[in-house]
Amino acid sequence: MSFYIASSPHAHQRRTTSDLMRIVALAMIPGIIAQWYFFGWGVMLQIILAVATAYAAEALCLQARERSSIQGLRDNTALVTALLLAVSIPPLAPWWVIVIGVAFSIVVVKHLYGGVGQNLFNPAMAGYVVLLISFPVQMTSWLPPVDLTGNNISLFESIHLMLFQYTSQGYSVEQMRMVDTGALFDAVVMATPLDHIRSDLSQGLTLSESLQAPIFGGIAGLGWQWVNLAYLAGGLILLQQKVIQWHIPVSILVALAVFAGLGSAIAPDTLPGLDIHLLSGATMIGAFFIATDPVSAATSNRGRLIYGVLIALLIYVIRSFGGYPDAVAFAVLLANLCVPIIDKYTKPVTYGHGKGRSKTAGGGH
């Protein structure tokens, strides 16, 4: 017999990396459909651009490394990276934003570190943070949900906006953010629930006053709550298919709920409750699809629980007191940095080598 040694991700089942990544991509479909329904054709266009860029960058890198392009493209890791980054950026961001982000994720974060299984950071989130820091205006120009604006942008107009940032009639992205009443969203407030709360609190409003805005229809934000619930459904599929284990997503959601509950009890006028934290922004896709990356996450079960709690703590602290309302990407990357130390102190003890066992075999002299 011969043993085949390969880099992570490793799974204790008869599934290849290609099979696992394919299931992850399929499990994202409910969330993608929800985003397309509430935010328009731009979501699908960003996905098409992202996937095309990812496969092109992957093929070029594999050729440069003298690896098989066909075999490398079939593992579907580039596909998942492209999908995660595409659904994380504003649907009508300029076309070059997603191209730069995906190219950075594949070329720098993935292949310069050795390819599949060697990356220190989650590629999609590293690309997202680079885009957010480099192009803050384009990366924060989210439109409100279609039901709120009354502007059901067609496929053709979405393409025109992504290419030129103007519709064929000359309306800019900023003008397309106009609500039915004719009032334009303030450029600082943006159009996401977390952004809106942060802007209102900075202007001296209370949380209860901020929650009266039209964007907070329903539980945690018109459209956003359903997007999060759709990704939750996809995450449950991953758990049912045993593609991921429960430790990371459950620890993230439970810890975030605890932190949000405590914060809301201490400062109800300034700190949102658990409904906003769990069902707004990228909470569910972060917990089930991003933080569970088998390469950059902790490996032991105890380590995964610590890793998940750390991510939840970072999300809550950055959202509540930091400069970025939706802190999932920063939290995951900071937790990635801590994985080596988490793994070091949480790795299972080899049978027969516990603390109480004598240093000599069998306790003899």
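A: Start with α2 and α3: Ile32, Gln35, Trp36 and Phe39 of α2 meet Val43, Met44 and Ile47 of α3. To meet, or be in contact, is to have heavy atoms within 4.5 Å. By class, these residues divide into six nonpolar, one polar and no charged. Here Ala, Val, Leu, Ile, Met, Phe, Trp, Tyr, Cys and Pro count as nonpolar, Asp, Glu, Lys and Arg as charged, and the others, Gly among them, as polar. The model is predicted, with local features needing pLDDT of at least 70 and side-chain atom pairs pLDDT 80 or more, while totals for chains, interfaces and linings use all residues. Residues are numbered from 1 along each chain as its sequence is written, and side-chain values use heavy atoms, leaving out hydrogens and water.

Q: At what angle do α2 and α3 pack?

A: Two packed helices are described by the angle and the distance between their axes. For α2 and α3 (residues 42-64), the angle is about 130 degrees and the axes are 7 Å apart. Axes are lines fitted to C-alpha atoms, for helices over the stretch in contact, and angles run from 0 to 180 degrees between N-to-C directions. α2 is therefore oblique to α3; under 35 degrees would be roughly parallel, over 145 roughly antiparallel, 65 to 115 roughly perpendicular, and the rest is oblique.

Q: And how do α2 and α13 cross?

A: The axes of α2 (residues 29-39) and α13 (residues 224-240) come within 7 Å and cross at roughly 165 degrees, which means that α2 is roughly antiparallel to α13. On the α2 side, Pro30, Gly31, Ile32, Ala34, Gln35, Phe38 and Phe39 meet Trp224, Trp226, Val227, Ala230 and Tyr231 of α13. This contact has ten nonpolar, two polar and no charged residues.

Q: Which residues make the contact between α5 and α6?

A: Geometry before residues! α5 (residues 77-86) and α6 (residues 95-111) pack at about 140 degrees, with axes 10 Å apart, so the pair is oblique. Thr77, Ala78, Thr81, Leu85 and Ala86 of α5 touch Ile98, Gly101, Val102, Ser105, Ile106 and Lys110 of α6. Six of these residues are nonpolar, four polar and one charged.

Q: Is Thr81 buried or exposed?

A: Thr81 sits in α5 and counts as buried because its relative accessibility is 9%. Buried means under 20% relative accessible area, exposed over 50%, and partly exposed in between (1.4 Å probe, protein chains only). Leaving aside residues up to four places away in sequence, Thr81 touches Ser105, Ile106, Pro123 and Ala124.

Q: What covers the buried residues of α14?

A: Among the elements covering them are α15 (274-279), α16 (283-290) and α17 (301-321). The buried residues of α14 include Ile248, Leu253, Leu256 and Gly263. α14 has 20 residues and reaches 28 Å from first to last C-alpha, close to the 28 Å expected (1.5 Å times one less than its number of residues). In α16, eight of eight residues are buried, including Met284, Phe288 and Phe289.

Q: How many helices and strands does the protein have?

A: There are 18 helices and zero strands; helices (H or I, at least four residues) and strands (E, at least two) are DSSP runs numbered from the N terminus. Of the 365 residues, 52% are buried.
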